[in-house]
Amino acid sequence: MTKTLESNVFKTALLFEGGSMRAAYTCAVAAELLEQGIYFDNVYGVSAGSSNTVNYVSRDVNRVVKSFTDFVHMENIGGWNTFLQHKGYWNAHYIYEKAGLPDGPLPFDIETFNASPAKATIFAFERDTGRDLLFRKDEMRTTGELMLRVRASSTVPIMMPPPQVNGRYCYDGGFADGGGLPLNSIQNDGFERVFVVRTRKRGYRKTGNNSWANAFFWRRPFMRDAVLTRNARYNIACDLLDEWEREGRAYVFYCDELTLSGSERDYDELCRNYESGRAQIKREWGRLMDFLAKSE
């Protein structure tokens, strides 16, 4: 008889920030939560954080780690060859929609994902309307449905072609609420407390004006505006998160020893950052548990 799965953290939401391969550092947090039996009932993810989200909800420690380490050894993950074939620098169709199938190199445990009582929400941005898209668990019941939405949440302009979800062209969730830190959406879902797993060091703010969007998205005004305003919206969300932290409403994991770029492909470097993330969350474990104990 299959064991009934249960959650044990209900009043605090869990948010995984995006950051492409920088998530090799933060997937260690998801792995440690699972190994210690900490099961949040409400989990949110943006971009690469959406992979952490669905892997965490499926309670698959092995896939949590391999998705940002061993993954680089897979064939067909892309490069300049696929970029020139208009498939993207990252071969997203293969990475997200093929590798997770039962016969793929990183099979996804859809049965446990569905059996888990946890709610999963991942963010994307609709190219042609400027709407935020919040994909909830009830529309991710099959591996195909789930992986298409994870791909949509992780689609970086120029580097990947936008997939369609129900006829809607989608780009990275980093262009949605909060420029990738959707604190307002989480609060609108009724949460006053959140554990945020960042892929940046404390104090980070985005700079530059993303003026490349004027040329690349000259026929897509909603997408162009989202790119041009992203840095400002993200920095405002960072300020809000700082405020929540001061008020005791947020516990924020920052990557103290991060050395990765978003496009890192060196396996040893990814593993070193994973180990750094693992060591850091172990150091912070007591403070995190104290934070969670105050609301449960």
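**Exercise 1.** How are helix 1 and helix 11 oriented to each other: parallel, antiparallel, perpendicular or oblique?

*Solution.* The model is a predicted one.
Step 1: two packed helices are described by the angle between their axes and the distance between the axes.
Step 2: for helix 1 (residues 23–35) and helix 11 (residues 267–293), the angle is about 50° and the axes lie 7 Å apart.
Step 3: angles under 35 degrees count as roughly parallel, and 65 to 115 as roughly perpendicular.
Step 4: helix 1 and helix 11 are therefore oblique to each other.
Step 5: the crossing of helix 1 and helix 11 is right-handed.
Step 6: residues of helix 1 that take part include Ala-24, Tyr-25 and Leu-33, and those of helix 11 include Leu-270, Tyr-274 and Trp-285. Sorted by class, this contact of helix 1 with helix 11 has 12 nonpolar, four polar and four charged residues.

**Exercise 2.** Describe how strand 6 is paired with strand 3 and strand 5.

*Solution.*
Step 1: strand 3 (residues 119–126) and strand 6 (residues 168–172) run antiparallel and are joined by three bridges. In this pair, Ala-124 is opposite Asp-172 of strand 6.
Step 2: strand 5 (residues 164–165) is also antiparallel to strand 6, with two bridges between them. Here Gln-164 is opposite Tyr-169 of strand 6.
Step 3: the hairpin of strand 5 and strand 6 has two residues between the strands, and Asn-166 takes a positive phi near 55°.

**Exercise 3.** Is Ser-153 buried or exposed?

*Solution.*
Step 1: locate Ser-153 in helix 7 (residues 143–153).
Step 2: its relative accessible area is 0%, so Ser-153 is buried.
Step 3: beyond its neighbours within four places in sequence, Ser-153 has contacts that include Gly-45, Phe-123, Ala-124 and Asp-172.

Conventions
Residues numbered from 1 in each chain as written. Predicted model: local features only at pLDDT ≥ 70, side-chain atom pairs only at ≥ 80, totals over all residues. Heavy atoms only, no water. Pairing = 2+ DSSP bridges. Helix = DSSP H or I, 4+ residues; strand = E, 2+ residues; numbered from the N terminus. Buried < 20%, exposed > 50% of the residue type's maximum accessible area, 1.4 Å probe, protein only. Contact = heavy atoms within 4.5 Å. Axes fitted to C-alpha atoms, helices over the stretch in contact; angles between N-to-C directions. Parallel < 35°, antiparallel > 145°, perpendicular 65-115°, else oblique. Left-handed = near helix turned anticlockwise from the far one by under 90°. Nonpolar A, V, L, I, M, F, W, Y, C, P; charged D, E, K, R; others polar.
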